[in-house]
Amino acid sequence: MSGPRIVVLAGGVGAARFLQGVLSLVAHTDVTVIGNVGDDVVFGGLHVSPDLDTVLYTLTDAIDEERGWGVRDDTSRALERSRALGFDPWFWLGDLDIGLHLARTAWLAEGSTLSDVTSRFAQAMGLRARLIPCTDDRLRTVIQTMDGEIDFQEYFVKRGHRDEVHGVRFDGAAGTSPAPGVLEALQGAAAILLAPSNPLISIAPILAVPGIREALEQRVVRCVAVSPIVAGAALRGPAADMLRSLGHDVSPLGVVDLYAGLIDAVVIDDADAQLAAAIEARGVSVVVADTIMRSAEARRNLAHAALQAAGIAERT
Ligand code: GDP
Ligand code: CA
């Protein structure tokens, strides 16, 4: 028996934890996750999709919970060997992780699409929610800094996201199309959720795929965002610094403005309750909740708040 279909636009860690909450409340097969591929990188010849993998590992209970990414108890023998040979493994990949990237890279080289590969992984690893990359085409986030344009993972991992960000560009986006099932999922959804992910580098690349933003603008169901910014800071990563350097408010208000025309409601943290009136003045309704996803219970409560704001009554 299936219930209302829920579509979640997702980045990496924040999204994956939120999705754990969603899946604790609704049937897994009713949930479609549209994932970011702007972070993808070819490292040492291997195609790595960090955000898709974080969602996959988290939802199949394989994740390294402490770090938020990678496989729990993974080893790094392959990278140690590469280092001993004189290679600089600046992008960390565990041994088990490398196995997955090998399979992905080989299947892509044989002509499979990224969404085919992702669903093969999902099937093999027991993920029952549907995980679709936003596009099967090449789309890469590029960061503009004082030193010029740099690839996303070079900015994020190699340079430790210390550069001041002057702009963000999604290379190739104009020529991409949504992966099979993406628009159908959005059009058939009973509710759409924007996970607590970085709006500028996790959600924006998804919206940059021609057709996806339009599908959100033309939605006939509620779309609810969860703010990744709490009390003027990001819980992890460079979201706050990026918002600031790009001239946005470092608050849920700044997030709401970035999502103008796309959302009907936003879930903000208790710590930001005083912003509710200003947000509602923009025509977006506000739900105030504890949005810090420390425990399974906290993830579930946050998902409950978002689903309620979306008008979805859970079945459990
Ligand atoms: P990643 O950068 O690819 O790992 O993925 P995301 O963009 O999904 O995650 C980073 C964002 O998630 C940051 O902006 C964080 O502030 C946000 N985030 C992480 N954990 C939490 C949390 O517990 N609550 C909320 N509200 N946001 C979170
Ligand atoms: Ca990411």
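Mentor: Start with the labels: helices (H or I, at least four residues) and strands (E, at least two) are DSSP runs, numbered from the N terminus. This is a predicted model, in which local features need pLDDT of at least 70 and side-chain atom pairs count only at pLDDT 80 or more, while totals for chains, interfaces and linings use all residues. Residues are numbered from 1 along each chain as its sequence is written, chains are lettered from A and ligands numbered from 1 in the order in which they are written, and side-chain values use heavy atoms, with hydrogens and water left out.

Trainee: OK. Which helix gives the most to the lining of the second largest cavity?

Mentor: Helix 1 does, with three residues. A cavity is a set of points on a 1 Å grid over the protein atoms alone where a 1.4 Å probe fits but cannot get out; a pocket is an open set with protein on both sides within 12 Å along at least five of seven lines, and lining residues have an atom within 4 Å of a point. Helix 1 and helix 2 each supply at least two residues of this cavity's lining.

Trainee: And which residues line the second largest cavity?

Mentor: Val13, Ala16, Arg17, Thr54, Thr58, Ile63, Glu65 and Gly68.

Trainee: Take Thr54. Is it buried or exposed?

Mentor: Thr54, which lies in helix 2, is buried, with a relative accessible area of 6%. Buried means under 20%, exposed over 50%, and partly exposed in between (1.4 Å probe, protein chains only). Leaving aside neighbours within four places in sequence, Thr54 is in contact (heavy atoms within 4.5 Å) with Gly12, Val13, Ala16, Ile63, Gly68 and Trp69.

Trainee: What is the volume of the largest pocket?

Mentor: About 950 Å³. The largest pocket is lined by 43 residues, and the closest to its centre are Gly12, Val13, Trp69, Phe156 and Arg236. A volume here is the space filled by probe spheres set on the grid points, which are joined across faces, edges and corners.

Trainee: Which helices each supply at least two residues of its lining?

Mentor: Helix 1 (13–23), helix 2, helix 4 (95–109), helix 6 (152–158) and helix 8 (199–207). Helix 2 gives the most, with five residues.

Trainee: Changing topic. What are the protein donors of the calcium ion?

Mentor: Asp39 (OD), Asp51 (OD) and Asp51 (OD) again, at 2.1 to 2.7 Å from the ion, which is ligand 2. Asp39 is in the loop between strand 2 (31–35) and strand 3 (41–43) and Asp51 is in helix 2 (residues 50–59), so the pair ties together parts 12 residues apart in sequence. Donors are N, O and S atoms within 2.8 Å of the metal (3.2 Å for Na, K and Ca), and water is not among the atoms, so sites may look incomplete.

Trainee: Are those two buried or exposed?

Mentor: Asp39 counts as buried at 7% relative accessibility, and Asp51 is buried with a relative accessible area of 7%.

Trainee: What does strand 9 pair with?

Mentor: Strand 9 (residues 191–194) pairs in the parallel sense with strand 10 (residues 222–226) over four bridges. Ala191 has Arg222 as its bridge partner in strand 10, and Ile192 stands opposite Cys223 there. Four bridges also join strand 9 to strand 1, running parallel, and Leu9 has Leu194 as its bridge partner in strand 9.

Trainee: Which residues cover the faces of strand 9?

Mentor: Ala191 and Leu193 are on one side, Ile192 and Leu194 on the other, and all are buried.

Trainee: What about the sheet of three strands?

Mentor: That open sheet has the order 7-6-8 and antiparallel pairing. Its edges are strand 7 (148–151) and strand 8 (167–171), each with a single partner strand, so one side of each is left without a neighbour in the sheet. Strand 6 (residues 140–145) and strand 7 pair over four bridges, and Thr145 has Gly148 as its bridge partner in strand 7.

Trainee: Last one: is Gln123 buried or exposed?

Mentor: Gln123 is exposed, with a relative accessible area of 69%, and lies in helix 5 (residues 114–125). Gln123 and Ala179 are 56 residues apart in sequence and 18 Å apart in space, C-alpha to C-alpha.

How values were computed
Pairing = 2+ DSSP bridges.
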